[in-house]
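Please look over the sequence and the structure first, and then follow the sections below.

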Amino acid sequence: GGLSLEGCFESFTTTEVLSEEDTWYCPKCKQHQRASKTMALWTAPSNLVVHLKRFSHEESWRREKLDTHVEFPLHGLDLSPYVRCPSPSPL
């Protein structure tokens with residue numbers, strides 16, 4: 001078994017709650033706050049280059065090579081579920 005490239009994008013764009021060690025500084029209240037972050041594509045590129053993570057860093061001094069197979073289409077990849085910029089209105 002393996003993963004699909006769409007599954008990788010789904011994981012990449014999932015909202016993540018930051019830990020206590022990764023707090024965000026709020027300029028309004030001037031304090032560090034727990035926050036969440038979401039990664040997204042602003043627009044879909046005409047040519048897409050994907051760099052997949054090859055190593056897992058379980059601990060700061062040790063890394064393990066990943067061997068998960070990732071299936072990806074050569075044509076017809078739909079990135080629209082991961083794009084956040086609204087489509088330009090037709091002229």
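## The largest pocket

In this predicted model, the largest pocket has a volume of about 580 Å³. Its lining is made up of 20 residues, and those that lie nearest the centre of the pocket are Cys-8, His-51, Leu-52, Lys-53 and Val-70.

Helix H1, which covers residues 5–12, gives the most to this lining, contributing 5 residues. Sorted by class, the residues that line the largest pocket are 12 nonpolar, 4 polar and 4 charged.

## The second largest pocket

The second largest pocket has a volume of about 220 Å³. It is lined by 14 residues, of which Leu-48, Pro-73, Leu-74, Leu-77 and Leu-79 are the closest to its centre. The lining of this second pocket consists of 10 nonpolar and 4 polar residues, with no charged residue among them.

## The nonpolar core and Leu-5

In soluble globular proteins, nonpolar side chains tend to be buried together. In this model, the largest nonpolar core holds 5 residues in all, namely Leu-5, Phe-9, Leu-41, Leu-79 and Tyr-82.

Leu-5, a member of that core, is also in contact with Val-50, Val-70, Glu-71, Phe-72 and Leu-77, when its neighbours within four places in sequence are left aside.

## Glu-6

Once the neighbours within four places in sequence are set aside, Glu-6 is in contact with Pro-73, Leu-77 and Tyr-82. Glu-6 and Pro-81 are 75 residues apart in sequence, while their C-alpha atoms are 9.6 Å apart in space.

## The chain as a whole

The protein chain has 1 helix and 8 strands, and its elements, read from the N terminus on, follow the order β-α-β-β-β-β-β-β-β. The radius of gyration of the chain is 18 Å, well over the 12 Å that the globule rule gives for 91 residues, so the chain is more spread out than a compact globule. Taken along the principal axes, the C-alpha atoms fill a box of roughly 50 × 45 × 20 Å.

Of the 91 residues in the chain, 12% count as buried. Among contacts between residues at least 6 apart in sequence, 53% join residues that are at least 24 apart.

Note on methods. Residues numbered from 1 in each chain as written. Predicted model: local features only at pLDDT ≥ 70, side-chain atom pairs only at ≥ 80, totals over all residues. Heavy atoms only, no water. 1 Å grid on protein atoms, 1.4 Å probe; cavity = no way out; pocket = protein on both sides within 12 Å on 5 of 7 lines; lining within 4 Å. Points joined across faces, edges and corners; volume = space filled by probe spheres on them. Helix = DSSP H or I, 4+ residues; strand = E, 2+ residues; numbered from the N terminus. Nonpolar A, V, L, I, M, F, W, Y, C, P; charged D, E, K, R; others polar. Core = buried A, V, L, I, M, F, W, Y, C linked by side-chain atoms within 4.5 Å. Buried < 20%, exposed > 50% of the residue type's maximum accessible area, 1.4 Å probe, protein only. Contact = heavy atoms within 4.5 Å. Rg over C-alpha atoms; globule rule 2.2 N^0.38 Å.
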